[in-house]
Amino acid sequence: MERTHDPRVPRHVAIIMDGNGRWAKQRGLPRTAGHREGVKSVRAVVEESVRRGVATLTLFAFSSENWRRPRTEVNILMELFMAALRSEVRRLNENGVCLRIIGERGAFPDKLQHRIAEAETLTVANTTLNLQVAANYGGRWDIVQAARRLALEVQSGRLDPGQIDEQLLADQLSFPDLPEPDLFIRTGGEQRLSNFVLWQSAYSELYFSDVLWPNFDAAAYGQALDDYARRQRRFGRTGDQVEQTASALVDTCAG
Ligand code: IPE
Ligand code: IPE
Ligand code: MG
């Protein structure tokens, strides 16, 4: 039997890890020093997710638009990604983390693709935390690749266009087996979605923090989770309806 889930804890948190460059600039360091420092925040947020009972965490590491950055910065981001896979995967595995990379991975160097596949295979059976790292990911890309798969089904005669509904399209997106993000966090002070999980965040609670990603520690993350716990999610219903459903559930449990 599934353990009862505390509705105040998000099942899935998605984070845009933003502000590395500004963190470095403030210190007179190259932007890439901020990316390096940001790895510490990843560790802190992963550990706090486990501690607080968040089952799935999705981190935006590299967007489909980040290729527009200077070549040197892109190269260093790739190297950092490789290095993190090398240094972190064993510990993640020991801690029961199931690691998945979402995004268009075909654009990465072969060696990186190989290492990604190895890490995914190693951790596939782990159940403490689902950790998804979005790399060369874009929300529009995700919807386009889902549409393409459906088009192929139609072309082969296995699917009638009239059968296509929200569920069928959602089933072709990057993580159909996991719940949609309940909480969508962006650090670094900007208030935009930057083409992160678009379809899947249709009903996510948004949280914007001014803290730059390298400074985003367990306490800052905890504040976001506490803020989420105080919100009422209505999904189109009225606040009264939601309260009535909640109290009916409490009655059932008490009886
Ligand atoms: C986020 O930090 C990391 C990546 C996009 C890879 P930025 O590098 O965007 O930092 P700022 O926004 O310039 O401060
Ligand atoms: C979004 O941050 C992508 C990641 C955090 C990986 P950006 O810093 O690239 O976003 P924009 O371009 O400022 O919107
Ligand atoms: Mg940025």
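Helices (H or I, at least four residues) and strands (E, at least two) are DSSP runs, numbered from the N terminus. The model shown in these views is predicted: local features need pLDDT of at least 70, side-chain atom pairs count only at pLDDT 80 or more, and totals for chains, interfaces and linings use all residues. Residues are numbered from 1 along each chain as its sequence is written, chains are lettered from A and ligands numbered from 1 in the order in which they are written, and side-chain values use heavy atoms, with hydrogens and water left out.

**View 1. The largest pocket and its lining.** A pocket is an open set of points on a 1 Å grid over the protein atoms alone, where a 1.4 Å probe fits, with protein on both sides within 12 Å along at least five of seven lines; lining residues have an atom within 4 Å of a point. The largest pocket holds about 1200 Å³ of space. Its lining has 46 residues, and Met17, Val42, Phe60, Ala61 and Trp213 are the closest to its centre. Elements that each supply at least two lining residues include helix H2 (31-52) and strand E2 (56-63). H3 gives the most, with ten residues. By class, the lining comprises 26 nonpolar, nine polar and eleven charged residues.

**View 2. The second largest pocket.** The volume here is about 780 Å³. Of the 23 residues in the lining, His5, Pro7, Arg8, Ala246 and Leu249 lie nearest the centre. Helix H7 (218-229) and helix H8 (239-254) each contribute at least two residues, and H8 gives the most, with seven. The lining divides into eleven nonpolar, five polar and seven charged residues.

**View 3. Ser41 in helix H2.** Ser41 belongs to helix H2. The side chain of Ser41 reaches the backbone oxygen of Trp213 at 2.7 Å. Beyond its neighbours within four places in sequence, Ser41 is in contact (heavy atoms within 4.5 Å) with Trp213, Pro214, Asn215 and Phe216.

**View 4. The surroundings of ligand 1.** Residues around ligand 1 (a heavy atom within 4 Å of it) include Met17, Asp18, Arg31, His35, Asn66 and Arg69. Backbone atoms of three further residues approach oxygen atoms of the ligand: a backbone N or O atom of Gly19 at 3.4 Å, a polar backbone atom of Asn20 at 3.1 Å and a polar backbone atom of Gly21 at 2.9 Å.

Terms used
Points joined across faces, edges and corners; volume = space filled by probe spheres on them. Nonpolar A, V, L, I, M, F, W, Y, C, P; charged D, E, K, R; others polar. Polar contact = N/O pair within 3.5 Å; in protein donor to acceptor, adjacent residues only side chain to side chain.
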